[in-house]
Structure formats: C-alpha cells, structure tokens
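I have kept to what can be read from the coordinates.

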Amino acid sequence: MSAAAAQIMGGQGTVAATGVVAATAALLVLCMGLWATGLVAEVVTALLFFAAAMLLKLAPAQTVFSGFASSAFWLVTSGMVVGLAMNRTGLGDRLARMLAARLPASYPGFVAGLVAFSFALAFIMPSNLGRIAVMVPVLIALCDAFGLTAGRPGRRGAILAFGIATPVLSAAILPANVPNLVMAGTAETLFGIHLAYLPYLFLHTPVLGLVKGAILVACTVVLFPDRLDGTRPAPVSLPPMSGEERRLAVVLAVMLGLWLTDGWHGIAPAWIGLAAAVICLMPRIGMLPSTSFSDIPLRTCFYVAALFGLTAIVNETGLGARIGHALLAVAPLQPGADATNFATLVGLSIGFLFIGTANGAPALYTALAGEFAGSSGLDLLSVLMVQVVGYSTLFLPYQAPPIVMTMDLAGLSLRDATKLTAASGLVSLIVAAPLAYLWFRLTGRLA
C-alpha cells in the first residue's frame, strides 16, 4: 500500500471513529434525558439503548450487553425477589407493626424513629422501591394511630422523612440501593474493582448514615412543625409467625451474616443475594411460588443493565476520556490539594444528579473516575468512594424514584417534597460533606 493510500485509509478510520464518538454522545444525551425527565418508561429507554447501540454498531454485543454479566445486575434482581417475599409473607408488615410499640410519643422522637427504621430495614430488604411499597401504607396507619391525621404537617413530614431517608441513608450500605449497585457494577466492568461490604459500611455509615439521618430529622421537625398529644396507641396483638415468615427470617439472617463476613469468605454480595432469592423461590422450603417471578419488576433490572452497557460504550469509544478532559480543563483538581479535590469531586457527583438522577449519576462519574484519579493524585478507589457523598446529597424529588413513589402512594405534594429535599440537601452539603472529608482522612482513605 502506498503512503498516500495509507494516509487516506487512516483518515477514513479517523472519520469513522469520530462518527462513532458523536453517535455515542447523542445516544448518551438521549438516554440520560429520557431517564431524567421520565417522558417514557425507564425500561423503554433501556430497550431503546440496546436497539440503537446494536443498529448503529457502536460497540460489540459483549460490550452493549455487558450489564447483564455484572454482579450488580444480579444483586438488583435478587433484591427484588427478597422484597417480594417480605411483602407476600407479611414479614415486612410485622416488622413495621413491632416498630409502632417502640416509637416515642413525641413528634421529634416519632420522626427520628421512622428515619432510624428506614436505615435498619435497608440491611435486610435490599430494594428501595420495595421498602417504600411495603412501608407507606403502614406509615399512614402509624400516623393515624399517633393522632397525625390527614392534612396535619406532621403527617406529611413524617412520611416524607421516611421516603427521603430510604434512598439517602441506604447509600451507606453497599447492596441497599440502585445507585450503589450502578457504581459498584460500573467499577467492576471498567476497572475490575470489587467492593467489600464491611469496609464500605465502615467508611460511609458514620456520616452518610448517622449524621445525614440527624440532619433529615432536624429539617423535618423545623419545616413541618407539629406535636403529639403524648399518648401512645394501644398495642396491636400480632398473630404468631407463620412458617413462611420464620423461614424467610432465617434466610435473611444468614444472608446478612454472609454479607458482613464477605471479606473472610470472599463470596460477593451479589451471589449471596442470588442464593437467597433462589431459596425464596424453591418448592416446599421457599416462601414464593415459582410463578411469582413474573411479578418481579424487571424493568428496574433492565434499566441497570442498560446503564452499565452505556457506560461501557462511553469508555470503549473514547467519549469518556474526551468528557473527562473537558471537565478537567475547568475542574480545580491537582495533586496534593486533598480538600479542594474532595470538594470538587463531590460537586461533580452532585452535578451529575441533575443530568442523570441518582441512578444514572454514578454511571457517568465512575466512567470518568480514571481521569479524575490521574489529575487529582488520589488513588482510584478513593475517587470512587468520594462520589457516594455526592450522589447521596439530593436536592430535588425527581433525582430519586423512591421519593416520587412515596409522594404518589401517600398523596403528598411536589411542593412539600421539594422543600424537604432541598433543605436537607443544602444542610448536608454544608455540614455532612466536610465531616465526610474529615472521616475519610481519619480512616486513612485520604492520606
């Protein structure tokens, strides 16, 4: 081949590569825009991504559909099964009824109890939407029992506090919400990094679980002032646990125990969750008939798989590197400036929330984590962990589907939800983010 011919072929290859990058960018904007605005169902956008990526030949099939091979996809799926079992057997309702007997008879204590229960429930029911579906009807009954009748600000505040706590506080527990799984799955797909349950919990719980929980309670009490009359509702006698409830309780206890000790036995949380889901569906020993699998909302699973596939294409085509370079041109990241780097990375993570919601933001950020690590001088795992502080700081209800679902089920207004999310988000940014930086340094996550 002559030099002139080689130059022409090289030019054609460059043009083709540029076209693929442009098409990938257009598909990224389209999918993230549809997911953020909700103009069509999430699963429709996910299927649109798969179809467009294959028709336009943006990447090989193994890249486009790589999300289905991710452990996070299977953890989401198994979480749906376990959540359905909690709902069908009545174990979730039993836990909530037991909670009523232990809630303080003061309004701040009542709200704090609900927020704490939201965090505790995330350990055993790894599905935000599942927890909301089970708990909102119970919360309405609890509010009635404590005298917080319809129309009272305390009723709106208490239910919203639980709804916001569900996605925000569960960010401290690795398998407990979709954004964590998107982040973990993308990190595994792109960098081969596998996150461990207990180190993740230790790093994030003090600030993202405890401090943010206290901030949410304080904001709720201030923005939705109310008071209880000091009398406790009459205790509700619960029937004995059924055989299905007892078996499910054992499965959940073993699952949680294995999650807590994954650093010792080396089995990923996804495969532990998948085994628990299989047991739930097994004949005789399970709690669900095998036909119940058709009731699992697989649209969320396909959504997660599409996010992983999209970020894999963004990385493989070089679009991620180009976006990273553009951001780095304006982001004040520099080696040695840990405080500035931490604040910048948290700000970038929060910025992605407004583009792709809490579910999509980790996919965008994680795809660029290598670029951020190179410019900041931080190790890649630290860069990945900093984003959790950002995407758990919500400002608008649409950024987290569980909040929207809470509003729908309880008949709450967008105005009230926005007021509480914006206030708790702002206070968290001012108070919790600096404390998270100090905790990262104290634990050695930041040198």
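1. Arg-155 counts as buried in this predicted model, because its relative accessibility is 13% and the cut-off for burial is under 20%. Its side chain meets that of Asp-144 in a salt bridge, with N to O at 2.6 Å. Since Arg-155 belongs to helix H8 (residues 153–169) and Asp-144 to helix H7, the pair ties together parts that lie 11 residues apart in sequence. Asp-144, for its part, is partly exposed, at 41% relative accessibility.

2. A further salt bridge joins Arg-152 to Asp-226, and here the closest N and O atoms are 2.4 Å apart. This pair links distant parts of the chain, 74 residues apart, with Arg-152 in the loop between H7 and H8 and Asp-226 in the loop between helix H10 (197–223) and helix H11 (243–260). Arg-152 is partly exposed, its relative accessible area being 27%.

3. Asp-379 and Arg-445 also meet through their side chains in a salt bridge, at 3.0 Å from N to O. Because Asp-379 sits in the loop between H17 and helix H18 (380–391), whereas Arg-445 is in the segment after H20, this contact ties together parts that are 66 residues apart in sequence. Both partners are partly exposed, Asp-379 with a relative accessible area of 36% and Arg-445 at 23% relative accessibility.

4. The largest pocket holds about 970 Å³ of space. Its lining consists of 48 residues, and those that lie nearest its centre are Glu-42, Leu-129, Thr-300, Pro-401 and Met-405. Several helices supply at least two lining residues each, including helix H1 (3–37), helix H9 (178–191), helix H16 (338–367) and helix H19 (401–410). The largest share, 6 residues, comes from H4.

5. Which residues of H19 are buried? They are Pro-402, Ile-403, Thr-406 and Met-407. Seen down the axis of H19, these buried residues fall within an arc of 145 degrees, so they line one face of the helix. After H19 comes Gly-411, whose phi is positive, near 65 degrees.

6. In helix H17 (residues 369–376), the buried residues are Ala-369, Phe-372, Ala-373 and Ser-376. Around the axis they cover an arc of only 100 degrees, which puts them on the same side of H17. Gly-377 follows H17, and its phi is positive as well, near 80 degrees.

7. Two backbone angles deserve a look, since most residues other than glycine have a negative phi. Lys-57, in the loop between helix H2 (42–55) and helix H3 (61–64), has a positive phi near 55 degrees, and Lys-57 is exposed, with a relative accessible area of 70%. Arg-284 is not a glycine either, yet its phi is positive at about 70 degrees. Arg-284 lies in the loop between helix H13 (269–281) and helix H14 (298–316) and is exposed, its relative accessible area being 83%.

8. Finally, a nonpolar patch on the surface is formed by Leu-426, Val-427, Leu-429, Ile-430, Val-431, Leu-435 and Leu-438, which together have about 560 Å² of accessible area. One of these residues, Leu-426, has its place in helix H20 (residues 414–442). Leu-426 is partly exposed, with a relative accessible area of 46%, so it passes the requirement of over 30% that applies to patch residues.

Terms used:
Residues numbered from 1 in each chain as written. Heavy atoms only, no water. Patch = residues over 30% accessible without salt bridge, like charges linked within 9 Å, V, L, I, M, F, W, Y side chains within 5 Å. Areas by Shrake-Rupley, 256 points an atom, 1.4 Å probe, with all protein chains shown as cover. Salt bridge = Lys/Arg side-chain N within 4 Å of Asp/Glu carboxyl O. Helix = DSSP H or I, 4+ residues; strand = E, 2+ residues; numbered from the N terminus. Buried < 20%, exposed > 50% of the residue type's maximum accessible area, 1.4 Å probe, protein only. Arc of directions from axis to C-beta. 1 Å grid on protein atoms, 1.4 Å probe; cavity = no way out; pocket = protein on both sides within 12 Å on 5 of 7 lines; lining within 4 Å. Points joined across faces, edges and corners; volume = space filled by probe spheres on them.
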